[in-house]
Amino acid sequence: MSHKKNIKVYNLCVVGAGHVGLVAAACFSELGHKVICVDNDKKRVSALRKEIMPFYEPQMAPLVKKNLKRGNLVFSTSLDEGIKKSDVIFVAVGTPPQADGSADLTSVENVARAVAKNLDGDYKLVISKSTVPVQTGQRAKETIYRYRKNNAEFDVASNPEFLREGKAVYDFFYPDRIVIGVETKRAETILKEIYATIDAPVIVTDINTAELIKHASNSFLATKISFINAVSRVCDLAGADVSKVSLAMGLDKRIGKDFLDAGVGYGGFCFPKDLEAFIYISKKLGYDFRLLKEAQNINEEQRSYFVEKIKEHLWILKGKKIAVLGLSFKPDTDDMRFAPAIDIIAALLKEGAILSLYDPQARDEAQELFKDKRIKFSKNSQEALRGVDCVCFLTEWEEFKNLDFKKAKKAMAYPLVADGRNMFQRDELKALGFEYIGMGR
Ligand code: UGA
């Protein structure tokens, strides 16, 4: 890859070994920078030192292993050490949602205070990679000013991350754009040099604008999904096919084909929390973002609507056996946070169904979440299907697309497929003797 050549090497500290931080640390070290990745979770850090990854992310483990070996990447639990040894500090700590919808910025403040404490005379650049509400950079800067012990120079900047779980490494090296929110030319130059070997448009803005770009992007994508889900409801009522509607709409370059797949809706740790935070910060600034509230409502409704559709077919769910395949919030990840599966499984249990669950990666996470004795975890899809009255697909894992439906039909007590991601062709399944539930088709 061309990104390996001619890089000006920086000493970087990445604070946080979560999805954003660990991928960024691995990829920055792959670019040639010297990276200390700091996390206060001792278990996580000692596992990473032994090359054990804390979560599944394709292509990440080999990069971590390679760069640990060649000394470009080290892991530490000491924030002070990480800051002292680095010129540039990327903040990739969690900004979890609070009960009122606002983002909890305690960890961001802690890092700002640690930077202030460890400013030792040399210039440092502190960059937020975490998704934060607009004006957080300003606050971080004020915090560093307030707590610093000398007049050491520093800048703050915003460099929001747009990577998707499951495709994070690819997204890092081949981004659609790099957004840099800065206040000084010096900070702009450093950030451009760090990314010099990545071929992507660089958008340079002020810090507030960069922070807002991230919330606006995620909110727009979530709204796009809710839009097509709303269209899918009308399709169901009108007897139209939303898959064809998406296909034709998406070919219009102004609309674009991505994020137009109707189904049980979006989940994950980003969209639900970022919409909530964007609504909150907009309100605080004086704007009621009603459009986003409706996007949230539509998303919630898709889950109960899916269960209603199954009820319509099976009538009474009490005592019925149902297989749920695909538990993570999307394919190629073991992440179950805010996954549609959580609400759907809870609703099916409430109706009295007996469940067999299977996911190619999220089994451990799911076992932690679902302790109900009416739930059985299966080792593979075919095992989950044995004797069930219905199989629900909630995540479009590749292995489900290759499922042997002839074998499945023999194994099931009743051949009902509830396709929460519109992955299958109704006609093909009908030809095999299945009843089919899609979303808007
Ligand atoms: C999202 C954004 O896509 C990234 O650009 C961003 O960096 C990231 O959040 C973040 O803020 O960290 P991610 O949460 O990994 O990434 O997942 P997506 O691939 O965006 O999918 C989100 C959800 O939308 C999934 O549950 C997926 O199944 C659902 N989805 C996606 C649909 O229901 N329909 C679609 O057409 C597309």
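Ala, Val, Leu, Ile, Met, Phe, Trp, Tyr, Cys and Pro count here as nonpolar, Asp, Glu, Lys and Arg as charged, and the others, Gly among them, as polar. By that scheme, the shell around the ligand has 9 nonpolar, 3 polar and 8 charged residues. The model is predicted: local features need pLDDT of at least 70, side-chain atom pairs count only at pLDDT 80 or more, and totals for chains, interfaces and linings use all residues. Residues are numbered from 1 along each chain as its sequence is written, and side-chain values use heavy atoms, with hydrogens and water left out.

**Ligand site**

- The ligand has 20 residues around it, and Phe-162, Glu-165, Lys-214, Asn-218 and Phe-329 come nearest; a residue counts as near if one of its heavy atoms lies within 4 Å of the molecule or strand in question.
- Polar contacts are pairs of N or O atoms within 3.5 Å; within protein, one must be able to donate a hydrogen and the other to accept it, and residues adjacent in sequence count only if both atoms are side-chain atoms.
- A backbone N or O atom of Phe-162 is 2.6 Å from an oxygen atom of the ligand.
- A polar backbone atom of Gly-267 lies 3.0 Å from an oxygen atom of the ligand.
- From the side chain of Lys-330, an N or O atom lies 2.8 Å from an oxygen atom of the ligand.
- The protein buries 92% of the 720 Å² that the ligand exposes when taken alone; accessible areas come from the Shrake-Rupley method with a 1.4 Å probe, and for residues only the protein chains shown count as cover.
- Helix H9 (207-238) and helix H11 (271-285) are the elements that give two or more residues to the shell; helices (H or I, at least four residues) and strands (E, at least two) are DSSP runs, numbered from the N terminus.
- H9 provides the largest share of the shell, 3 residues.

**Nonpolar cores**

- A nonpolar core is a set of buried Ala, Val, Leu, Ile, Met, Phe, Trp, Tyr and Cys residues joined through side-chain atoms within 4.5 Å; buried means under 20% relative accessible area, exposed over 50%, and partly exposed in between (1.4 Å probe, protein chains only).
- The largest core has 46 residues, and Phe-28 and Phe-90 have the most contacts inside it.
- Helix H1 (residues 19-31) gives the most to this core, with 8 residues.
- Another core, of 33 residues, lies apart from it and includes Val-264, Ile-310, Ala-339 and Ile-437.
- Neighbours within four places in sequence aside, the contacts of Phe-90 (heavy atoms within 4.5 Å) include Leu-12, Val-14, Phe-28, Ile-127, Leu-191 and Tyr-195.

**Glu-211 in H9**

- Glu-211 is found in helix H9 and is buried, with a relative accessible area of 2%.
- The side chain of Glu-211 reaches the backbone nitrogen of Gly-137 at 2.6 Å.
- Beyond four places in sequence, Glu-211 is in contact with Val-132, Pro-133, Val-134, Gln-135, Thr-136, Gly-137 and Ser-158.
- Glu-211 and Ser-130 are 81 residues apart along the chain, with their C-alpha atoms separated by 9.4 Å.

**Loop between E9 and H13**

- Asp-332 sits in the loop between strand E9 (321-325) and helix H13 (340-350), and is partly exposed at 30% relative accessibility.
- Most residues other than glycine have a negative phi.
- The phi of Asp-332, however, is positive, near 65°.
- Arg-337 lies in the loop between E9 and H13 and is partly exposed, with a relative accessible area of 35%.
- Leaving aside neighbours within four places in sequence, Arg-337 is in contact with Glu-165, Gly-267, Gly-268, Phe-269 and Phe-329.
- Arg-337 and Gly-267, 70 residues apart in sequence, are 7.2 Å apart in space, C-alpha to C-alpha.

**Loop between E13 and H18**

- Asn-422 is in the loop between strand E13 (416-419) and helix H18 (426-431); Asn-422 is buried at 14% relative accessible area and has a positive phi of about 50°.
- Arg-421 lies in the loop between E13 and H18 and counts as buried at 17% relative accessibility.
- The side chain of Arg-421 reaches the backbone oxygen of Leu-394 at 2.8 Å.
- Among the residues in contact with Arg-421, with neighbours within four places in sequence left aside, are Val-264, Phe-329, Pro-340 and Leu-394.
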